[in-house]
Amino acid sequence: MRNIRLSDPLVQNVVAGVILGLGPGIYVAITLLGAGGGPANYTRMVNVANAVLYAYAFLSAAHDGTCSSFLYECRVWFFIGWFSGSFVTTFGPKVTLMVGTLGYPIYVGSLWYFTNTAHEWFPIVAGAFLGITANLIWTAAAYISFSYSTERTRGSFISMQWGLLSVFSTLGSLVAFGINFNASSLQVPISVYIVFILLMVSGFFVALFAIIAPSEVRRRDGTSLAHFPHEGLWQELKNQRRLFRDWRLLAMFIPMFASEVPIIVLSSLNSLYFNIRTRSLNSVMFNVMQIIGAIWIGLMLDNWKISSRRTRGVVTVTAVAVLVIAGWIGMTVWLYKNPMDLLNPPLFDWTDGPFGGFFILNLIFGMNMVVYQVTVQWIISSFTNDPEQLARLAGLVKGVLAGGVAAAFGTEAAGLTQLNVVAYNFTVQAVGLVLMFAMAWKCVSATNYEKEENVIPPADVQAGKEIEK
């Protein structure tokens with residue numbers, strides 16, 4: 001039986017996944033309820049707050065709470081994404097995760113405040129603060145999954161974090177579903193907000209007591225991850241600047257940008273088309289499919305029956321493309337069949353006819369939410385095994401991803417028709433798939449071990465047993 005020790009890379013990855021579950025995972029649960037758990041007519045305010053949230057992941061600031069301010073501030077949209085990688089290399093994943101947990105309970109508290117007062121300032125300010133802290137928590141978690149894994153286990157490490165996050169999202173959704181099962185109210189009760197806030201606060205203490213320094217991490221064979229040279233801040237900033245010069249990262253820009261847009265489309269449609277108990281059911285099932293998607297994509301990316309990393313990447317991107325394209329086409333057809341008057345939303349129940357088709361699409365988009373972005377992260381993390389470089393890549397990935405989410409929330413908040421919103425997001429993800437296929441074919445090499453002097457390969461690689469042909 002495997003001994004459980006905090007210095008084990010797998011244990012650290014599990015702990016990071018739990019922290020994600022207690023923060024972003026619970027956030028996903030309340031986002032999927034639509035309108036922040038409030039009535040359908042609160043949807044626009046929540047979309048504005050979320051646009052500010054994700055814009056702030058790139059150092060954006062909302063100065064009037066409108067979509068125009070969001071678009072203006074996105075001119076500097078991925079600065080925080082770069083900085084968060086430097087924050088991890090400077091302060092370490094422990095401090096970064098602790099700071100990263102702080103924004104989530106404040107944000108959910110602001111939604112609670114809004115449902116009671118209808119004052120928008122608190123959710124918008126809280127969204128801005130969460131945009132900064134969320135980038136830190138995601139960057140630190142991605143750093144752990146990228147750099148603590150071996151090339152053989154990277155897909156599993158990345159998908160494991162998403163699976164754990166989705167478990168917590170599912171549990172949060174089940175809490176809301178149980179409370180709302182026979183609800184006649186158009187919004188979730190205060191008890192849901194209180195439970196979510198308490199869970200989010202606990203993530204800070206998990207990071208405090210269970211995350212250790214990367215230099216203390218040891219693989220099962222006794223090897224450490226890498227040599228960790230201490231570079232000054234100026235050198236770190238110069239290293240960040242080099243990301244601009246890597247054409248591979250520029251080519252992966254759109255895939256990163258498109259990684260997480262399904263949740264925005266589904267959350268808005270959920271709030272506009274369905275009553276609260278049906279929204280709660282859709283939220284549960286979306287999260288369940290994320291768990292299934294995380295297991296499936298991890299098996300695909302780390303399937304050593306396919307010996308070549310490049311071939312695994314190409315096969316995985318192809319399978320993801322089939323799922324993603326089918327989902328967007330299906331959603332387009334469903335919206336054509338179910339047009340909506342924003343002034344009089346239908347608020348369907350699960351006993352009504354249109355629910356069946358949406359339920360199937362909800363399952364597909366739950367899979368899309370995970371498999372698309374895990375594949376993007378796997379391709380980008382295959383470029384290097386150097387932990388310092390992987391920290392910068394983790395920050396860049398999460399920063400650009402947040403820009404895509406901000407843009408998607410912006411299309412919702414701007415009042416575009418749902419068909420136009422779907423057309424935009426479908427196009428972005430489809431273009432991203434083409435680029436992912438090309439990069440998996442062109443840039444995923446057999447191995448990076450023995451090519452980077454700071455990286456300490458696993459013992460079996462050093463013995464020549466694991467390097468691919």
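This report describes the fold, core, charged pairs, aromatic groups and selected residues of a predicted model.

## Overall architecture

The protein holds 18 helices and zero strands. Of its 469 residues, 61% are buried, and the protein exposes about 17600 Å², of which carbon and sulfur atoms supply 67%.

Among the contacts in the protein with a separation of 6 or more, 83% are accounted for by residues 24 or more positions apart.

## The nonpolar core

The largest nonpolar core contains 117 residues, and the residues with the most contacts inside this core are Met331, Ile379 and Ile380. Helix H15 contributes the largest share of the core, with 15 residues.

The surroundings of Ile379 can be listed in detail: once its neighbours within four places in sequence are left aside, Ile379 is in contact with Met252, Val317, Met436, Met439, Ala440 and Val444.

## Leu301 in helix H13

Leu301 lies in helix H13, which covers residues 276-301. Leu301 counts as buried because its relative accessibility is 0%.

When neighbours within four places in sequence are set aside, the residues in contact with Leu301 are Gly155, Arg312, Thr316, Val374, Thr375 and Trp378. For one of these contacts, Thr316, the C-alpha to C-alpha distance from Leu301 is 6.7 Å, while the two residues are 15 residues apart in sequence.

## Salt bridges

Side chains of opposite charge can pair when their charged atoms come close. The structure holds three salt bridges. One of them joins Glu151 to Arg309, with the closest N and O atoms 4.0 Å apart. This pair links distant parts of the chain, since Glu151 is in the loop between helix H6 (121-147) and helix H7 (154-180), whereas Arg309 is in helix H14 (residues 309-337), 158 residues apart. Both Glu151 and Arg309 are buried.

A salt bridge is also formed by the side chains of Asp349 and Arg277, at 2.8 Å from N to O. Asp349 lies in the loop between H14 and helix H15 (355-381) and Arg277 lies in helix H13, so this pair ties together parts that are 72 residues apart in sequence. Asp349 counts as buried because its relative accessibility is 9%, and Arg277, at 19% relative accessibility, also counts as buried, the cut-off for buried being under 20%. In the remaining salt bridge, the side chains of Arg248 and Asp246 meet at 2.9 Å, N to O. Arg248 counts as partly exposed because its relative accessibility is 23%, whereas Asp246 is buried, with a relative accessible area of 15%.

## Aromatic pairs and charges over rings

A search of the whole structure finds 19 aromatic pairs. One of these is the pair of Tyr143 and Tyr148, which is edge-to-face, with 6.1 Å between the centres and 70° between the planes. Tyr143 and Tyr148 are both buried. One aromatic cluster is formed by Tyr273, Phe274, Trp334, Phe348, Phe355, Phe358 and Phe359.

Leu347 is not a glycine, yet Leu347 has a positive phi of about 50°. Leu347 is found in the loop between H14 and H15, which is also the loop that holds Asp349. With a relative accessible area of 28%, Leu347 is partly exposed.

Glu450 likewise has a positive phi, of about 70°, although Glu450 is not a glycine. The loop in which Glu450 is found runs between helix H17 (418-443) and helix H18 (459-462). Glu450 is exposed, with a relative accessible area of 55%.

Technical notes. Residues numbered from 1 in each chain as written. Predicted model: local features only at pLDDT ≥ 70, side-chain atom pairs only at ≥ 80, totals over all residues. Heavy atoms only, no water. Helix = DSSP H or I, 4+ residues; strand = E, 2+ residues; numbered from the N terminus. Buried < 20%, exposed > 50% of the residue type's maximum accessible area, 1.4 Å probe, protein only. Contact = heavy atoms within 4.5 Å. Areas by Shrake-Rupley, 256 points an atom, 1.4 Å probe, with all protein chains shown as cover. Core = buried A, V, L, I, M, F, W, Y, C linked by side-chain atoms within 4.5 Å. Phe/Tyr/Trp six-rings, centres within 6.5 Å; stacked < 30°, edge-to-face > 60°.
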